[in-house]
Amino acid sequence: MAIARTPTTVIDCPDPAALATFYGALLDWTVNLHEDESYDGWTDITDVTGQRYCFQQVENYTAPVWPEQDIPQQVHIDVDVDDLDEAEAAVLQLGATKHPYQPGTTFRVFLDPAGHPFCLCLA
């Protein structure tokens, strides 16, 4: 029997609402901006199955530096897309930045608005 269930990925950032809005738009998931004080500095996004990503405010947040390891990325998100060019245009419009270093041809590396690397990958 499992000790726990429903794992959640929590991403540190300077502005949880902004980052949740970015990923909510990227994935077409529901953004849950919590009004309850117990959620201060915390928000999340969910899909129709209940899968969830959470975003936690961190004071003095420092974005990872990729591909160098001085400030390692520690975790990143890969998402599947059907067309890299179309997906690139869409994430740039949402506020992502294309990283100058692109090590492959079947995926592209971007930085979310808080500086976390994420990849668009051909499905």
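In what order do the strands of the open four-stranded sheet lie? The legends below take up this point and then turn to other parts of the chain.

**Figure 1. Overall view of the protein chain.** This is a predicted model, in which local features need pLDDT of at least 70, side-chain atom pairs count only at pLDDT 80 or more, and totals for chains, interfaces and linings use all residues. Residues are numbered from 1 along each chain as its sequence is written, and side-chain values use heavy atoms, with hydrogens and water left out. The protein chain has two helices and eight strands, which follow one another from the N terminus as β-α-β-β-β-β-α-β-β-β. Helices (H or I, at least four residues) and strands (E, at least two) are DSSP runs, numbered from the N terminus. The C-alpha atoms fill a box of roughly 40 × 35 × 35 Å along the principal axes. Of the 123 residues, 34% count as buried, where buried means under 20% relative accessible area, exposed over 50%, and partly exposed in between (1.4 Å probe, protein chains only).

**Figure 2. The open sheet of four strands.** The strand order is β5-β8-β7-β6, with mixed pairing. At the edges are β5 (77–81) and β6 (97–98), each of which pairs on one side only. Two strands are taken to pair if DSSP finds at least two bridges between them. Strands of a sheet pair through backbone hydrogen bonds, either parallel or antiparallel. Five bridges in the parallel sense link β5 to β8 (residues 117–122); in β8, Phe118 is the bridge partner of Ile77, and Leu122 is that of Val81. β8 is mostly covered, with five of its six residues buried.

**Figure 3. The hairpin of β7 and β8.** Five residues separate the two strands of the hairpin, and Gly115 in the turn has a positive phi of about 95°. Gly115 counts as buried because its relative accessibility is 12%. Not counting residues up to four places away in sequence, Gly115 touches Ala63 and Pro64, contact meaning heavy atoms within 4.5 Å. The C-alpha atoms of Gly115 and Ala96 are separated by 8.6 Å, although these residues are 19 apart along the chain.

**Figure 4. Pairing of β1, β3 and β4.** Strand β1 (residues 9–13) runs parallel to strand β4 (residues 52–57), and five bridges join them; Asp12 has Gln56 in β4 as its bridge partner. Strand β3 (residues 42–46) pairs with β4 in the antiparallel sense, also over five bridges, and Thr46 stands opposite Arg52 in β4. β3 and β4 form a hairpin with five residues between them, where Gly50 in the turn has a positive phi of about 100°.

Figure 5. Trp66 and Pro67 are joined by a cis peptide bond with omega of about 10°, and Pro67 is found in the loop between β4 and β5. His99 lies in the loop between β6 and β7 (107–111). Why does His99 count as buried? Its relative accessibility is 11%. Leaving aside neighbours within four places in sequence, His99 is in contact with Trp66, Pro67, Val109, Phe110 and Leu111.

Figure 6. Asp28 is a residue other than glycine with a positive phi, near 60°, and lies in the loop between α1 (16–27) and β2 (30–32). Its relative accessible area of 72% makes Asp28 exposed. Gln74, likewise not a glycine, has a positive phi of about 65° and is placed in the loop between β4 and β5. With a relative accessible area of 74%, Gln74 is exposed.
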